Amino acid sequence: MAELYYEQDADLAIIQGKKVAVVGYGSQGHAHAQNLRDSGVEVRVALREGSKSAAKAEADGFTVLPVGEATAWADVIMILAPDQHQRGIFTEQIQPNLAPGKALAFAHGFNIRFGLIEAPEGVDVILIAPKAPGHTVRREYVAGRGIPDIIAVEVDATGTAWDLAKSYAKGIGGTRAGVIKTTFTEETETDLFGEQAVLCGGMSHLVQTGFEVLTEAGYQPEIAYFEVLHELKLIVDLMWEGGITKQRWSISDTAEYGDYVSGPRVVTPEVKASMQAILADIQSGAFAKRFIDDQDAGAPEFTALRKKEESHPIEATGQELRKLFAWSTATADSDYVDGQTAR
């Protein structure tokens with residue numbers, strides 16, 4: 001059984017007694033910085049020179065510093081830059097300013113798990129990962145609630161790293177919901193697997209393939225879109241509320257029966273074997289190497305794959321269809337474009 005921590009298990013005074021630099025002010029960065037500040041923590045936002053996020057952070061009332069200066073000032077450095085950029089930022093701007101007693105913090109263990117970042121002796125290495133996008137982490141905190149976090153300690157140089165991780169989680173609202181103890185390895189490998197095999201890779205390609213099967217059989221693309229994409233949210237919301245059992249209880253008997261007899265025809269033993277191979281690539285570091293090597297080369301594979309997937313016919317159908325219905329807001333697709341630009 002997982003070990004969980006709540007409000008009474010964490011001492012907020014620990015993080016309140018630290019100076020915290022939040023590196024990055026994107027989805028997670030703005031939420032961590034604002035929640036910590038509202039919890040009484042002294043926070044500075046660390047950004048590279050010329051960052052477009054600097055104006056936003058300053059407008060939100062933060063002092064913005066270059067990463068090196070912020071690292072020299074801070075006791076705790078939370079690195080929330082994209083995975084592929086963390087190694088360069090650390091080597092060039094953070095590592096020279098570290099000293100024993102400081103703490104490096106992450107919200108994803110990728111760079112530690114795969115050896116891309118190694119902390120110098122005497123520095124704690126901790127992980128605090130809210131299990132939601134940053135805007136949700138912030139919204140729930142403001143509402144007096146919280147998002148479940150997972151925490152880990154890779155290096156406990158000071159002997160107090162676990163207490164610090166729990167205190168940080170309390171500072172961003174995690175202990176209001178519950179915090180699960182894990183390891184950097186478990187967090188990284190399960191996170192990557194979930195994204196690739198189920199939540200992103202598995203789901204996206206299942207939807208695309210279902211759309212192709214229906215439209216190639218002569219059905220209207222608009223009807224296919226509704227059946228394989230639009231209604232997906234209804235099903236996932238039911239799972240989120242009460243698990244797969246509640247989802248099956250809520251649908252028709254016809255749909256439930258189809259689930260039982262046809263699901264195994266889609267997710268076959270061969271599919272499970274492919275998922276196991278994906279996990280093996282993650283565990284061995286093969287996926288991490290492929291991703292980082294591509295990013296270091298200017299991301300040619302990543303860019304080509306993004307362009308290819310964005311050209312799938314379901315995207316054009318959905319964009320036109322969403323304009324016609326009241327459930328679609330006028331900003332739905334423009335928000336997506338802004339999000340792509342900002343990240």
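Trainee: Which residues make the nonpolar surface patch of about 220 Å²?
Mentor: Leu4, Tyr6 and Ile180 make that patch. Patches consist of residues with over 30% relative accessible area and no salt bridge, where like charges are joined within 9 Å and nonpolar side chains (Val, Leu, Ile, Met, Phe, Trp, Tyr) within 5 Å. A salt bridge is a side-chain nitrogen of Lys or Arg within 4 Å of a carboxyl oxygen of Asp or Glu. Areas come from the Shrake-Rupley method with a 1.4 Å probe, and for residues only the protein chains shown count as cover.

Trainee: What sort of model is this, and how are residues numbered?
Mentor: This is a predicted model, in which local features need pLDDT of at least 70 and side-chain atom pairs count only at pLDDT 80 or more, while totals for chains, interfaces and linings use all residues. Residues are numbered from 1 along each chain as its sequence is written, and side-chain values use heavy atoms, with hydrogens and water left out.

Trainee: Where does Ile180 lie?
Mentor: Ile180 lies in strand β9 (residues 179–181). Strands (E, at least two residues) and helices (H or I, at least four) are DSSP runs, numbered from the N terminus. Ile180 is partly exposed, with a relative accessible area of 33%; buried means under 20%, exposed over 50%, partly exposed in between (1.4 Å probe, protein chains only).

Trainee: Change of topic. Why is β2 largely enclosed?
Mentor: Strand β2 (residues 19–23) is largely enclosed by the rest of the structure because 4 of its 5 residues are buried.

Trainee: What does β2 pair with?
Mentor: β2 pairs in the parallel sense with β3 (residues 42–46) over 5 bridges and with β5 (residues 76–79) over 4 bridges. Pairing takes at least two DSSP bridges between two strands. Val23 has Ala46 as its bridge partner in β3 and stands opposite Ile79 in β5.

Trainee: Which residues cover the faces of β5?
Mentor: Val76 and Met78 are on one side, Ile77 and Ile79 on the other, and all are buried. In a regular strand, side chains alternate between the two faces of the sheet.
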